[in-house]
Amino acid sequence: MPKLNLSFSDYDGDLNVGKFEPVPKGIYEVTIDASWSDEIRTSQNGTQYISLCFVINDGEYANRKIFDNFMIEGRGIWKLGKLLVAIDMLDPANPSDLRVDTRDLHGKVLKVRVDQREYNGEIKNEIKDFLPLSAKDPDNNTRKGKLAF
């Protein structure tokens with residue numbers, strides 16, 4: 001690996017990595033990013049989960065990312081089930097054991113209902129629901145990239 005000699009003395013931008021304003025509450029069309037689902041992690045209480053990145057497809061917030069974790073065992077698996085139903089990989093009328101290759105999630109397009117919550121003194125985005133791409137806005141407030149609710 002190369003060794004770098006760096007100087008930031010002439011840089012006057014913001015180096016606070018990860019300090020993004022959350023996107024407003026709403027329904028967004030997103031694509032599951034291929035770069036985030038390849039590793040199974042273990043929570044502090046021993047439950048296994050995967051992390052997924054959802055990229056907003058269009059509108060004012062195009063290319064912004066929203067991250068979420070999905071338990072792959074135990075009682076928390078319901079959220080992954082809702083995602084799999086929204087992308088048509090699980091039949092809600094006949095849920096059963098399912099073998100999923102996380103690579104099959106890459107590039108899937110769906111809608112997500114995004115809310116905001118406080119976490120460690122900061123406002124963060126939180127995905128509240130996963131909807132099929134064909135889902136209609138219940139309030140008919142359709143706008144490019146975002147559906148208000």
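**What pattern does the protein follow when it is read along the sequence?** Read in this way, the predicted model follows the pattern β-β-β-β-α-β-β-β-β, and its secondary structure comes to one helix and eight strands. Helices (H or I, at least four residues) and strands (E, at least two) are DSSP runs numbered from the N terminus. Residues are numbered from 1 along each chain as its sequence is written. Because this is a predicted model, local features need pLDDT of at least 70 and side-chain atom pairs count only at pLDDT 80 or more, while totals for chains, interfaces and linings use all residues, and side-chain values use heavy atoms, with hydrogens and water left out.

**View 1. Confidence along the chain.** The mean pLDDT, which is the predictor's confidence in each residue from 0 to 100, is 84 for the protein, and 83% of its residues reach 70 or more.

**View 2. The largest nonpolar core.** A nonpolar core is a set of buried Ala, Val, Leu, Ile, Met, Phe, Trp, Tyr and Cys residues joined through side-chain atoms within 4.5 Å, and buried means under 20% relative accessible area, with exposed over 50% and partly exposed in between (1.4 Å probe, protein chains only). The largest such core has 23 residues, and those with the most contacts inside it are F54, L83, L110 and F130. The elements that give two or more residues to this core are β1 (26-32), β3 (48-56), β4 (65-71), α1 (78-86), β5 (109-119) and β6 (122-131). Leaving aside residues up to four places away in sequence, the residues that F54 touches include V30, I66, L83, L110 and F130. In soluble globular proteins, nonpolar side chains tend to be buried together. In this protein, buried residues make up 34% of the 149 residues.

View 3. D68 forms one of them with K79, the closest N and O atoms being 2.7 Å apart. Since D68 lies in strand β4 and K79 in helix α1, the pair ties together parts that are eleven residues apart in sequence. D68 counts as buried at 12% relative accessibility, and K79 is buried as well, with a relative accessible area of 17%.

**View 4. Further salt bridges.** D101 and R103 meet through their side chains in a salt bridge of 2.7 Å, N to O; D101 is partly exposed, with a relative accessible area of 29%, whereas R103 is exposed at 57%. The side chains of E122 and K124 form a salt bridge of 3.4 Å, N to O, and E122 is partly exposed at 32%, while K124 counts as partly exposed at 31%.

Technical notes:
Contact = heavy atoms within 4.5 Å. Salt bridge = Lys/Arg side-chain N within 4 Å of Asp/Glu carboxyl O.
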